[in-house]
Amino acid sequence: MATAPSSASTPDEAAQALEFVAALVTRLGEEATRRQAGAVEQRKPAAALTGSVVTDVDLDTERAVDEALRERFPADGIIGEEGADRPPADPEHGRTWVVDPIDGTLNYARRLGPWSVVASAWRGPRERPQAESVAVWTGGHLYTAVAGQGAFVRVGGPDAEPRRLHLEGPAETGGVVRAGAGVLGAVKEAGWLAKVVESSAAEVVSIADGRVMGTLRLGGDRRDLHGPALLVAEAGGAVVPLDGEPLSGVSRSLVLAHPGAVDDLVALATANLPVEGPAD
C-alpha cells in the first residue's frame, strides 16, 4: 500500500519510512554479498580515465531500490549513483531518496576492502537540501539515523536489538584519521594514524561508532558522505563544513570528527585542505 503524498514528515513518519528503507538496503546488501564473486565489472564511459567502475550488481541494486520506492512512496523522488533521477511530487518540500547502490564498487568488484549499500532521505530544493534520515548496510551491520532521533547500529538479523551510538569523552590519542592522499602527510605529522579514504560510507560509520577519530574531505557527495554524516551528528560527533556556508547536501570541504578531536581536526583541515580543486 502506497503512502499518501506529503510535503513534510512527522518524526514518526520519517522513522517509519526509514524502517522500510533500512530493511530494503539490508536485503539488497545480503543479496550483493551472495553475488560478489560473480559480479561483472565494466568501466563507466564518462569516467574511463578515473578508474571508476560499475558492476551488474550496482545496476540491479539501484533498479530494485527505485522500483521499491516508486511503489511504496510514489510521491517521493530519487537520485541514484547509476542514473536514477526522479523529482518528488513537491519539489520544494517533498522527500528525495539519494542512493548509492554499491559505495566502494572497486573494493566490491575486486574484493579489496569495505563497501556499502546506502540510502538517505532529503528535504528541500536541490540547491540546499537537508538530510532527514539515512540507512547504511556494510559488512553485515546496519546503521540508521533519523534527524533528532539518534543513531543506531544493528548487528545480525532483524530480531537483533539495535545499539544506540553515543560518542563522548576524549578522543583516542593518535587514533585513525582518514583523508585524501594529498593531506595524509600533514595528518601523520600532526600525530594521527593516517589512512586514505576508501569507501566513504564505511568510513563515516566507523567514525559514528568510535573506531575512527575523523575524516578530512574535499568535496564528496551526499550519496556516500553527506547522507551518512547524519550518523556522526546523531551520535554526538561533529560535522563541520569549511566553505563558510550552513551545512547541507551541497557543502564542500567537510570535517567529520569525534567530539574530542574536532577542534584539532578542523584546524588541521583549514591549514591543509585546498580551497579549490578536484574532490578527493
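**Helix packing and a buried arginine**

Helix 1 and helix 2 run roughly antiparallel to each other, because their axes cross at roughly 155° and anything over 145 degrees counts as roughly antiparallel. Keep in mind that this is a predicted model.

**Helix 1 against helix 2**
- Helix 1 spans residues 11-35 and helix 2 spans residues 56-72, and their axes come within 11 Å.
- The crossing of helix 1 past helix 2 is right-handed.
- On the helix 1 side, the contacts come from Phe20, Val21, Leu24, Leu28, Ala32 and Arg35.
- Their partners in helix 2 are Asp56, Val57, Asp60, Thr61, Ala64, Val65, Ala68, Leu69 and Arg72.

- Helix 8 covers residues 262-272, and its buried residues include Val262, Leu265, Leu268 and Ala269.
- Those four sit on the same side of helix 8, because they cover an arc of only 130° around the axis.
- The general rule behind this kind of pattern is that an α-helix has 3.6 residues a turn, so residues three or four places apart point the same way.
- The buried residues of helix 8 pack against helix 4 (184-189) plus strand 11 (176-179), strand 13 (214-217), strand 14 (238-241) and strand 15 (254-257).

**Arg217**
- Arg217 belongs to strand 13, one of the elements that the buried residues of helix 8 pack against.
- Arg217 counts as buried because its relative accessibility is 3%, and the cut-off is under 20%.
- The Arg217 side chain makes a polar contact of 3.1 Å with the side chain of Ser200.

Key. Residues are numbered from 1 along each chain as its sequence is written. This is a predicted model: local features need pLDDT of at least 70, side-chain atom pairs count only at pLDDT 80 or more; totals for chains, interfaces and linings use all residues. Side-chain values use heavy atoms; hydrogens and water are left out. Buried means under 20% relative accessible area, exposed over 50%, partly exposed in between (1.4 Å probe, protein chains only). Helices (H or I, at least four residues) and strands (E, at least two) are DSSP runs, numbered from the N terminus. The arc is that of the directions from the helix axis to the C-beta atoms. Contact means heavy atoms within 4.5 Å. A polar contact is a pair of N or O atoms within 3.5 Å; within protein, one must be able to donate a hydrogen and the other to accept it, and residues adjacent in sequence count only if both atoms are side-chain atoms. Axes are lines fitted to C-alpha atoms, for helices over the stretch in contact, and angles run from 0 to 180 degrees between N-to-C directions. Angles under 35 degrees count as roughly parallel, over 145 as roughly antiparallel, 65 to 115 as roughly perpendicular and the rest as oblique. A crossing is left-handed if the near helix is turned anticlockwise from the far one by less than a right angle, and right-handed if clockwise.
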